[in-house]
Amino acid sequence: MAKILTAQTQYFTFDKLVLESKQELKNVTVAYETYGNLNAAKTNAILIAHAFSGDAHAAGFHAGDDKPGWWDSMIGSAKAFDTDKYFVICSNVLGGCAGSTGPSSINPDTNKPYALDFPVITVADMVSAQKKLIDFLGIKKLLSVAGGSMGGMQVLQWAVAYPESLYSVIPIATTMKHSPQQIAFNEVARQSIMADVEWNKGDYYGAKHQPYRGLAVARMIGHITYMSDKSMEEKFSRNRKTASNSSGADFAADFEVEGYLQYRGDSFTKRFDANSYLYITKAMDLFDVSGYKHVAKNKDLKFLVISFASDWLYPSYQSENTVKQLKLKGYNTTYIEIKSTYGHDAFLLEVEGETKLIKHFLNKVSKEI
Ligand SMILES: CC(=O)SCCNC(=O)CCNC(=O)[C@H](O)C(C)(C)COP(=O)(O)OP(=O)(O)OC[C@H]1O[C@@H](n2cnc3c(N)ncnc32)[C@H](O)[C@@H]1OP(=O)(O)O
Ligand SMILES: N[C@@H](CCO)C(=O)O
């Protein structure tokens, strides 16, 4: 079995993208990676859409790295997205900070980073940029688009915007629109970033100090919502980092869970940009395809919808609402709730359950085209 040893990020640049707001974004770059081979008929391509903080590096190892891409457990030889059969593509979203154009990119009009001059972008804009990449790769119809969380929003947006370019879609742990609670968590995180004096109204690129405190706290809040009560209990219980007779008066991290969150927050600042946090969470909050009257003109489009029992950030009822709408419209829809205790990040961890479902689904779709 061939193992993906090295993966390489590539860059596709085009002149302009007309955004949903009608504003034009110039010199747009989309960072992407591919795994496996495109067949002669170009019918075996699968686009993977990443979640909030992901990037184009979904699988394999970059030279010198000891950790593989973020969904390596799912993409590769004999895995759910089997690279012996399929040509898998993953791109970094517009607004991101891992190679695609975002607020930290250079604004061609000023030769300085955009910062808050970057236009508000939407999930639809992320998907229009991906569509340009797919056109550039010469693919007329994708075998599938799959992704979890914000990746799932992109999946639903593909179904709404480009149904004729798809055989199937796999939205995982996602929703047609954010609830007030989901918006509320994002707003607290944004406020944490903007309250950091080093954020400086978004103008911090190249400055001596960066808004790392605000960004780390934002991630700590986010990370709590990606876990579950049970997964926290199992991972940390009330275990202490310090002696159990510590008075706690210095407000250091007494409990393991505090140390863990601080670690996750701090390490996040090494890989993510504070302004991208603001723009991408805003795009998620604005996303709403719930009122879409004609989900797709392509009635053959097949849906596999997956949710996780302990996901309280994107609870199963949101996936069930999506499924209800799809079934009412007559779409071929399969829905499974996977029993998991991991919470929202289950989509990154429940490899066995997801693999079984996705393999079977993709096999079926492939046979029918
Ligand atoms: C999905 C996309 O599209 S992009 C991918 C997004 N990526 C992420 O979300 C990355 C951050 N999230 C995670 O890593 C998620 O927690 C998961 C679900 C993917 C991984 O879960 P797990 O394998 O259970 O890892 P875990 O949450 O224990 O974190 C491991 C890290 O925390 C550290 N850690 C674990 N326990 C503790 C603790 N008690 N105190 C301090 N640090 C700790 C580990 O040393 C490890 O550090 P390292 O990453 O520098 O090696
Ligand atoms: N942990 C994932 C899930 C967020 O939805 C991420 O950071 O992208």
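Let me start with Ser149, which is buried, at a relative accessible area of 6%, where buried stands for under 20% relative accessible area, exposed for over 50% and partly exposed for anything in between, with a 1.4 Å probe and protein chains only. What we have here is a predicted model, in which local features need pLDDT of at least 70 and side-chain atom pairs count only at pLDDT 80 or more, while totals for chains, interfaces and linings use all residues. Residues are numbered from 1 along each chain as its sequence is written, chains are lettered from A and ligands numbered from 1 in the order in which they are written, and side-chain values use heavy atoms, with hydrogens and water left out.

The unreviewed UniProt entry annotates Ser149, Asp311 and His344 as "active site"; positions follow the numbering used here, feature names are shortened, and such annotations may be inferred rather than shown by experiment. These residues span 196 residues in sequence, yet no two of their C-alpha atoms are more than 10.6 Å apart, so they gather at one spot.

Ser149 sits in the loop between strand 9 (144-148) and helix 2 (150-161), with helices (H or I, at least four residues) and strands (E, at least two) taken as DSSP runs numbered from the N terminus. Leaving out residues up to four places away in sequence, Ser149 touches Ala51, Ile172, Ala173, Thr174, Tyr314, His344 and Phe347, contact being heavy atoms within 4.5 Å.

And is Asp311 buried or exposed? Asp311 is buried, with a relative accessible area of 3%, and it lies in the loop between strand 11 (302-308) and helix 8 (316-328). Beyond its neighbours within four places in sequence, Asp311 contacts Ala173, Ser316, Gly343 and His344. A polar atom of the Asp311 side chain is 3.0 Å from the backbone nitrogen of Leu313, a polar contact being a pair of N or O atoms within 3.5 Å, where within protein one must be able to donate a hydrogen and the other to accept it, and residues adjacent in sequence count only if both atoms are side-chain atoms.

Which residues surround ligand 2? With near meaning a heavy atom within 4 Å, they are Ala51, Phe52, Ser53, Ser149, Arg219, Tyr226, His344, Asp345 and Phe347. Arg219 places a polar side-chain atom 3.0 Å from an oxygen atom of ligand 2, and an N or O atom in the side chain of His344 is 3.2 Å from an oxygen atom of ligand 2. For Asp345, a polar side-chain atom lies 2.9 Å from a nitrogen atom of ligand 2.
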